[in-house]
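Let's take a friendly walk through a protein model together. Please look over the sequence and the structure first, and keep them open as you read.

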Amino acid sequence: MTRTAQRRNVAKVTVRPVQAPPPAGDARRRRLADQARAYGFLLGGLICFALFSWYPAIRAVVIAFQKYTPGSEPEWVGTANFTRVLADPEFAAAWRNTLTFTLLALLIGFAIPFVLALVLNELRHAKAFFRVVVYLPVMIPPVVSALLWKWFYDPGTGLANEALRFLHLPTSNWSNGADTALVSLVIVATWANMGGTVLIYLAALQAVPGELYEAAELDGANLLQRVRHVTIPQTRFVILMLMLLQIIATMQVFTEPFVITGGGPENATVTVLYLIYKYAFLYNDFGGACALSVLLLALLGAFSAVYLRLTRTSGEDA
């Protein structure tokens, strides 16, 4: 390049003036405007949450200490509602059924999703299809699912007993028997809700480094040993979190007893949430219903505190 061309290129370079930064006051006003706009978008959701979540919860705590029936003036009774509820024979039965349901759900509904996730994780073909099949029950409305199982459990013409007759096996009363009703409801709840749990387990399994499995195979570990020494230790936090969430969810079971058994037979499937429904809408005792709700809230709050503590500890460790 000649010196003349170089001079021309230099002449084409335009020197732009350096702009001064905006005043501090303008930046502050712009930041406040952005925050106000963000809170404006959140305002609608916060109002709905306050009206339909916070206010009913606070109102229920207040009514728990009142004698309250619709159309009458509330009367403060202190802890009389709690005393009456604790003395009710149905109270002990409801808590016994709820705790039994929770224990059975952990034994049945906690192990099955983990095993299914292990199977899906080992598949080499049609993974997407089987994921949809496993998740499909979650997409069915809970009431529709309960009605389908109620027909399935019918002791006369239900599909369950028809299958047993076809196999020349003894039939069962299923949800109509006092000794089998609660287990039948656990099966329904497990089938209806395991899809989301399976996908969470599957995501956790796919995050396990493959080098660990390769090292275990080189050491001669079989499938069960790899699951015990590699899979479970690597996914123990997810397992613990889902266990706590399942305890919180199963202690609030209502749809299955309400639709399938109506709390029977012989109060064998009356749960705490179903008893709250009976107090409020059958006995017209909203004070007792709210007292039961507060007791359930206290227990679930303890489990929720443990859950939040564990998640916070995991986040700090990460």
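Tyr68, Phe254, Phe258, Tyr274, Tyr277, Phe281 and Phe286 make up one aromatic cluster. What you see is a predicted model, in which local features need pLDDT of at least 70, side-chain atom pairs count only at pLDDT 80 or more, and totals for chains, interfaces and linings use all residues. Residues are numbered from 1 along each chain as its sequence is written, and side-chain values use heavy atoms, with hydrogens and water left out.

Rings of Phe, Tyr and Trp (its six-membered ring) pair if their centres lie within 6.5 Å; planes under 30 degrees apart count as stacked, over 60 as edge-to-face and the rest as tilted. The structure holds 20 aromatic pairs. Helices here are DSSP runs (H or I, at least four residues), numbered from the N terminus. Both phenylalanine 114 and tyrosine 201 are buried, where buried means under 20% relative accessible area, exposed over 50%, and partly exposed in between (1.4 Å probe, protein chains only).

Now find lysine 278, in helix H14 (residues 272-282). Is lysine 278 buried or exposed? Its relative accessible area is 12%, so lysine 278 is buried. Leaving aside neighbours within four places in sequence, lysine 278 is in contact (heavy atoms within 4.5 Å) with Glu90, Asn267 and Tyr283.

Finally, look for the open spaces. On a 1 Å grid over the protein atoms alone, a pocket is an open set of points where a 1.4 Å probe fits, with protein on both sides within 12 Å along at least five of seven lines; lining residues have an atom within 4 Å of a point. Grid points are joined across faces, edges and corners, and a volume is the space filled by probe spheres set on the points. The largest pocket holds about 570 Å³ of space. Of its 29 lining residues, Ala189, Ala192, Asn193, Ala249 and Thr250 are the closest to the centre. H9 gives the most to this lining, with eight residues.

The second largest pocket holds about 460 Å³. Among its 17 lining residues, Ala60, Leu273, Ile276, Ser293 and Val294 lie nearest the centre. Helix H2 (24-63), H14 and helix H15 (286-317) each supply at least two lining residues.
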